[in-house]
Amino acid sequence: GILVTERPGRLRLINASGKLQLQPIFGVPQVVAKGQGGLLDIALHPDFKDNRFIYMSYAGRGEGGINTEVARARFDGQRLTDLQVIFRAAPKTSGSNHYGSRLLFDRHGLLFITLGERYNYRDRAQSVDDHLGTIVRLHDDGRVPSDNPFLNHADAKPEIYSYGHRNV
């Protein structure tokens, strides 16, 4: 089957015969569907057949506003279980544009997360002291890889892999 994200926060399954499952999949994190925000991307863990982990990016609310978050959960074919948020972009801001948010695993099993500069904060993309306008690289459980380029920079977010982007 094919998993499909819907902006308001629904995750749907199209089965192998191409038919849309009527009921959305239960267990999706709460999302903010405002402007360009909502349930954004989805990626399967490279070892999905064995561990059943899927990863979802979405606009999530917190102190100060909204920004991109990434959660993982196990998918049994019908529902999500063991949901845990593995990343929250900081800062949470006002506005409803440029969440970025593509998810991709590399050949080493590291997760890349693209993050927008949230439009009204585009000058911040030139800084590494927050996540605005960056690409983040993490282990599949949210830990920071020991060879991330800004790991030992005192004022930098250690999960940043690349910065200076608008809305990847």
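Strands S4 and S5 form a hairpin with two residues between them, and Gly64, which lies in the turn, has a positive phi of about 100 degrees. The structure is a predicted model, in which local features need pLDDT of at least 70 and side-chain atom pairs count only at pLDDT 80 or more, whereas totals for chains, interfaces and linings use all residues. Residues are numbered from 1 along each chain as its sequence is written, and side-chain values use heavy atoms, with hydrogens and water left out.

The protein has one helix and 10 strands, and from the N terminus on its elements run β-β-β-α-β-β-β-β-β-β-β. Its radius of gyration is 16 Å, close to the 15 Å that the globule rule gives for 168 residues, so the protein is as compact as a globular protein of that length; this radius is taken over C-alpha atoms, and the rule is 2.2 Å times the number of residues to the power 0.38. Taken along the principal axes, the box filled by the C-alpha atoms is roughly 50 × 35 × 25 Å. The accessible surface, computed by the Shrake-Rupley method with a 1.4 Å probe and, for residues, with only the protein chains shown counting as cover, comes to about 8,700 Å², of which 47% belongs to carbon and sulfur atoms. Buried residues make up 46% of the 168 residues, where buried means under 20% relative accessible area, exposed means over 50%, and partly exposed lies in between (1.4 Å probe, protein chains only). Among contacts (heavy atoms within 4.5 Å) between residues at least 6 apart in sequence, 50% join residues at least 24 apart.

Strand S4 (residues 53-62) is joined to S5 by 10 bridges in the antiparallel sense, and Arg61 stands opposite Ile66 in S5. Strand S5 (residues 65-75) is mostly covered, since 10 of its 11 residues are buried. The hairpin of S5 and S6 has four residues between the strands, and in it Gly77 takes a positive phi near 100 degrees.

In soluble globular proteins, nonpolar side chains tend to be buried together. A nonpolar core is defined here as a set of buried Ala, Val, Leu, Ile, Met, Phe, Trp, Tyr and Cys residues joined through side-chain atoms within 4.5 Å. The largest such core has 16 residues, of which Leu3, Leu11, Ile54, Met56 and Leu80 touch the most other members. Two or more residues are given to this core by each of strand S2 (10-14), strand S3 (39-44), S4 and S5. Apart from this core lies another, of 14 residues, among them Tyr55, Val70, Phe87 and Phe105.

A further open sheet is formed by four strands in the order S7-S8-S9-S10, again with antiparallel pairing. Its edge strands are S7 (100-105) and S10 (160-163), each of which pairs on one side only, and neighbouring strands are turned by 15 degrees against each other on average, direction ignored. S7 and S8 pair in the antiparallel sense over four bridges, with Leu103 opposite Ile113 in S8. Phe112 has its place in strand S8 (residues 111-115) and is buried, with a relative accessible area of 16%. Leaving aside neighbours within four places in sequence, Phe112 is in contact with Arg102, Leu103, Leu104, Asp106, Ile135, Val136, Arg137 and Tyr161. Phe112 and Tyr161 are 49 residues apart in sequence and 8.5 Å apart in space, C-alpha to C-alpha.

Technical notes: Pairing = 2+ DSSP bridges. Axes fitted to C-alpha atoms, helices over the stretch in contact; angles between N-to-C directions.
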